[in-house]
Amino acid sequence: MAVDENKLNELLGKMLGDVGAAMGAALVLLGDKFGLYKALAASALTPAELASRTGTVERYAREWAAAQAAAGYINYDAASGKFSMSPEQALLLADEGGPAFFPGIYEVVAAAIRDEPKVAEAFRNGGGVGWHEHDPCLFRGTERFFRPGYATHLVSEWIPALEGVADKLKRGARVADVGCGHGASVILMAQAYPKSEFFGFDYHEPSIVRARESAHAAGVADRAHFERASAKDYSGTYDLVAFFDCLHDMGDPVGAASHVKASLNPDGTWMIVEPFAGDRVEENFNPIGRLFYAASTMICVPASLSQEVGLGLGTQAGEKRLREVLAAGGFTRIRRATSTPFNLVLEARP
């Protein structure tokens, strides 16, 4: 087989960059854990100053900073010997309350690497790996990664895109957030709509405990309630049911859809937020699709295959396949309410 040397070198260069990024994932975790990014966002610092302000050892801080500058995540001034961050770098890496905070996804990456032996076994035997079986950094990282997007879009764009829902919530409505995790979306809605009552459900008990703590800290515990329940057995009747980035993880999404239909008031709405994807595999060959397919392989498909039915939708199911699932669950009025480069928001009514 003839080898094209130019193509070989091109692929080699790409893989070299990927390996550097993979090794750098641990450095992002360290920068986040020790507040190194936050310190550099505040002022330009030498490695010694950085170490002093963060309670770390100078030799490690120096090597870390050089690696981050080589990656383009921070900046270096040779004349002063100081490292710093631009406003853009700080927004992505240091501002946890901002709209673009990114280190959370690196915790998800860490979980994928730590749990590779479990997924490898599933590759061999066809079984699954339940959400609860993953390293705990997955649960924390998922909330930290998705929360900025929800904070940016949920109240200002996604809910207003649903027919009549924003007005209901302003007047006072009952809302279920199924697969709520640590409760970030519930808390955001409870803060925005104080006359409504919100119920978060998740089968993962540690996440429910964490969600209750967060709701109390946010001052919304009086109207944001959390209970352990699955998508097929949560109780109550609601004006709005929301699924945020979780339908594709479920073993029986059709069964979940049927339960949503039974739990809605006659004029109720189901909001389904899913990772954005085209309907054909090749439409997702881009940086976002690459990330989502990787997460799907290591987390989402194993989660689905660990449950009854095990449909295995995956993160890149696409709108056509999602509509088929919703229709099979009894929904007849389905439309795309809105979308972002990361998310597809569907509205379903019985």
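## Loops, pockets and a nonpolar core

Q: Where is D252 found?
A: D252 is found in a loop. The model is predicted: local features need pLDDT of at least 70, side-chain atom pairs count only at pLDDT 80 or more, and totals for chains, interfaces and linings use all residues. Residues are numbered from 1 along each chain as its sequence is written, and side-chain values use heavy atoms, leaving out hydrogens and water. With helices (H or I, at least four residues) and strands (E, at least two) taken as DSSP runs numbered from the N terminus, D252 lies between β6 and α12.

Q: Is D252 buried or exposed?
A: Buried means under 20% relative accessible area, exposed over 50%, and partly exposed in between (1.4 Å probe, protein chains only). The relative accessibility of D252 is 15%. D252 therefore counts as buried.

Q: Which residues is D252 in contact with, leaving aside its neighbours within four places in sequence?
A: Contact means heavy atoms within 4.5 Å. With sequence neighbours within four places set aside, D252 contacts K232, E308 and V309.

Q: How many Å apart in space are D252 and E121, C-alpha to C-alpha?
A: In sequence, D252 and E121 are 131 residues apart. Their C-alpha to C-alpha separation in space is 22 Å.

Q: Where does V309 lie, and is V309 buried or exposed?
A: V309 lies in the loop between α13 and α14 (319-328). V309 is not a glycine, yet its phi is positive, about 75°. Its relative accessible area is 61%, so V309 is exposed.

Q: What is the phi of D245?
A: D245 is placed in the loop between β6 and α12 (253-263). D245 is buried, with a relative accessible area of 9%. Although D245 is not a glycine, its phi is positive, about 50°.

Q: Which residues lie nearest the centre of the largest pocket?
A: On a 1 Å grid over the protein atoms alone, a pocket is an open set of points where a 1.4 Å probe fits, with protein on both sides within 12 Å along at least five of seven lines; lining residues have an atom within 4 Å of a point. Its volume is about 970 Å³, the space filled by probe spheres set on points joined across faces, edges and corners. The lining holds 49 residues. Nearest the centre are W131, G179, D245, C246 and D249.

Q: Which element supplies the largest share of the lining of the largest pocket?
A: At least two lining residues each come from α6 (103-114), α8 (137-158), α10 (184-192), β4 (197-202) and α13 (287-305). The largest share is eight residues, from α8.

Q: How do the lining residues of the largest pocket divide?
A: Ala, Val, Leu, Ile, Met, Phe, Trp, Tyr, Cys and Pro count as nonpolar, Asp, Glu, Lys and Arg as charged, and the others, Gly among them, as polar. On that basis the lining has 26 nonpolar, 15 polar and eight charged residues.

Q: Which element gives the most to the lining of the second largest pocket?
A: The second largest pocket has a volume of about 800 Å³. Of its 21 lining residues, A21, V109, R290, L291 and A294 are the closest to its centre. Two or more residues come from each of α1 (5-33), α6 and α13. The top contributor, with eight residues, is α13.

Q: How many residues of the lining of the second largest pocket are charged?
A: Nonpolar residues number 19 in this lining, and there are no polar ones. The charged residues number two.

Q: How many disulfides does the structure hold?
A: A disulfide is a pair of cysteine sulfur atoms within 2.5 Å. The structure's count is zero.

Q: Which cysteine sulfur is nearest to that of C180, and how many Å away?
A: C180 is in no disulfide. The nearest cysteine sulfur is that of C246, at 9.1 Å.
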